[in-house]
Amino acid sequence: MSPIPEKFDEITPAGTAGSPDLFEAHDREKQIYQGGVEKFNQLGWKRLTIVLIVEAVALGTLSIPATFAKLGMVAGVICCIGLGLIAVYTSYIIGMVKVKFPHISNYPEAGRQMFGRWGYEIVFAMLCLELLLAAGSHCLTGTIAFANITGSHVCSLVFGAVSAVILLIFAIPPSFSEMAILGFVDFASIIIAVIITIIGTGVESSHSMSLSEVNWSAWPKENLTFAEAFIALSNIIFAYSFALCQFSFMDEMHTPTDFPKSIWALGLTEISIYTITGALVYAFVGQGVKSPALLSAGHTLSRVAFGIALPVIFISGSINTVVLGRLIHGRIFQDSNIRFVNTKWGWITWLTVVTVLTILEFVVAEVIPFFDDLLSLISSLFVSGFTFYFPAIMWFMFLRNGNMLSPMNILLTVVNVLIFAVGLIVLVAGTYSSIVDIVSARCFFSLIWWIVIADSQQINSYAKGTVGGVFSCSST
């Protein structure tokens, strides 16, 4: 946990000498501090890979096939591979910045390094909102999963509350190395669920019709609107949003210079899973593919797939709560050993923070109950910065060196300018598209008004009957 003083005495109040009680208190505080440092310094590159997979390979996988249905097979494959490679490159930039500036313990600290105090505050607010919305989307997916598995008419609010409690339980461990243990279950869960979905959609398609009759297309769907196209693109971007937690994860590494192994392992894994899943499920189902994709596996198999996917829904969701909790808890107790969560008060305050955050995530899931639009809104407002334009800025400020006119610097300058431009385009066009789809071309303030007042003002998704009401018992 950065920054870490070289000597414990540097953080110990002066004047402890001369009193046995003070000596004893000093030794006890020193043990707590050293235990905390050891607790938060156990992550190797293999565990980092697992933690990144837990954070990254989750809801993104479930939204990709529907994205292919809008963009078409060719554009879907190109976007999955191209955006994946960009995410790997920008993650590499973040890792190099962390190695160069070891005191950067999270993304807001990187904001401070770039823009000073205001940079810290702005990025802190962005990251908190992104993590809160992302965890809320997992609570929403849990609600959908339980409703689909049980097939009952139980009020969806009950399933939402159950999902929130499970997210809270998984968010109790404060260390990422501890979360990595759950990561193996998480990864196996999503892989098995995806395989079941692919096989199930393939078998069902072959039974109902010839695979050659499935209405999939190499090109974008007819009458594709700008908003629909950008929402689909934003969902792919959301799937590659692992960069936002990388500073926090690397802060627990005992050998941070090993990070490139994790980045490439994760990047290639994600690109393969997303591209194969999106292409095959779309080819088997066609334009009727649903989001989350598990809903397309047929009545029985979708229930089985959702059951197997429950670990990834909740473990991946909870790690967002842990990262957010660590940000807030660490900021509140930055000058106290309470931040290490290895004392009575450390645990009490930690449990309080994650409980409050989980309640807020439940509220998010009930206030914005539409899967694709929520992922798109998150991507456009926040992931556009954490994955694209912030890393590009970091390269220009911290990593560029040598002759400006050298071939390598010219190439990297062009690459980072393009990445910066992509980030701004996603921020503006993606946010606009998400809002248009939610509030039918109303301005952004209409969205805020709707969220606060819970009033349906020409809401497209509600008009289509595709989602339930705010805090209602309707089907999600």
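These are my notebook entries on a predicted model of a protein.

**Entry 1. The whole chain**

I began with the secondary structure, and it comes to 17 helices and zero strands. I then looked up burial: of the 476 residues in the protein, 55% are buried. Last, I checked how far along the chain the contacts reach. Taking contacts with a separation of 6 or more, I found that 82% join residues 24 or more positions apart.

**Entry 2. Helix α4 against helix α11**

I looked up how α4, residues 73-100, lies against α11, residues 259-285. The two pack at an angle of about 165°, and their axes are 10 Å apart. An angle over 145 degrees counts as roughly antiparallel, so α4 is roughly antiparallel to α11. I noted the crossing of α4 and α11 as right-handed.

Next I went through the residues that make this contact. On the α4 side they include Met73, Val77, Cys80, Ile81, Gly84 and Leu85. Further along α4, Val88, Ser91, Tyr92, Gly95, Met96 and Val99 also take part. On the α11 side I listed Phe259, Pro260, Ile263, Trp264, Gly267 and Ile271 among them. Tyr274, Thr275, Ala279, Tyr282 and Ala283 of α11 belong to the contact too. How many residues of the contact of α4 with α11 are charged? I found no charged residues there, against 18 nonpolar and five polar.

**Entry 3. Helix α5**

At its start, a side-chain oxygen of Asn106 comes to within 3.0 Å of the backbone nitrogen of Glu109. After α5 comes Gly116, and I noted that its phi is positive, near 80°.

**Entry 4. Helix α6 against helix α13**

I looked up α6, residues 117-150, and α13, residues 344-367. They pack at an angle of about 65°, with axes 8 Å apart. Angles of 65 to 115 degrees count as roughly perpendicular, so α6 is roughly perpendicular to α13. The crossing of these two helices, α6 and α13, is right-handed.

From α6, the residues in the contact are Leu132, Leu133, Ala135, Gly136, Cys139 and Leu140. They meet Leu357, Leu360, Glu361, Phe362, Val364 and Ala365 of α13. I sorted the contact of α6 with α13 by class and got 10 nonpolar residues, one polar and one charged.

**Entry 5. Helix α7 against helix α13**

Helix α7, residues 156-170, packs with α13 at an angle of about 150°, their axes 9 Å apart. Here too I recorded a right-handed crossing, of α7 with α13. Ser156, Leu157, Gly160, Ala161, Ala164, Leu167 and Leu168 of α7 make the contact with Val354, Thr355, Thr358, Glu361, Phe362 and Glu366 of α13. By class, the contact of α7 with α13 holds seven nonpolar, four polar and two charged residues.

**Entry 6. Glu361**

Not counting residues up to four places away in sequence, Glu361 touches Leu132, Ala135, Gly136, Cys139, Leu167 and Thr321.

**Entry 7. Trp350**

I stayed in α13, where Trp350 is also placed. Trp350 has 0% relative accessibility and so counts as buried. Leaving aside neighbours within four places in sequence, I found Trp350 in contact with Ala171, Ile172, Pro173 and Pro174, among others. The list for Trp350 also includes Val322, Gly325, Arg326, His329 and Val341. Between Trp350 and Arg339, 11 residues apart along the chain, the C-alpha separation is 8.4 Å.

**Entry 8. Ser318**

Which helix holds Ser318? I found Ser318 in α12, residues 299-332. Its relative accessibility is 0%, so Ser318 counts as buried. A polar atom of the Ser318 side chain lies 2.8 Å from the backbone oxygen of Ile315. Setting aside neighbours within four places in sequence, Ser318 is in contact with Leu167, Phe170, Ala171 and Met179.

Definitions and conventions: Residues numbered from 1 in each chain as written. Predicted model: local features only at pLDDT ≥ 70, side-chain atom pairs only at ≥ 80, totals over all residues. Heavy atoms only, no water. Axes fitted to C-alpha atoms, helices over the stretch in contact; angles between N-to-C directions. Helix = DSSP H or I, 4+ residues; strand = E, 2+ residues; numbered from the N terminus. Parallel < 35°, antiparallel > 145°, perpendicular 65-115°, else oblique. Left-handed = near helix turned anticlockwise from the far one by under 90°. Contact = heavy atoms within 4.5 Å. Nonpolar A, V, L, I, M, F, W, Y, C, P; charged D, E, K, R; others polar. Polar contact = N/O pair within 3.5 Å; in protein donor to acceptor, adjacent residues only side chain to side chain. Buried < 20%, exposed > 50% of the residue type's maximum accessible area, 1.4 Å probe, protein only.
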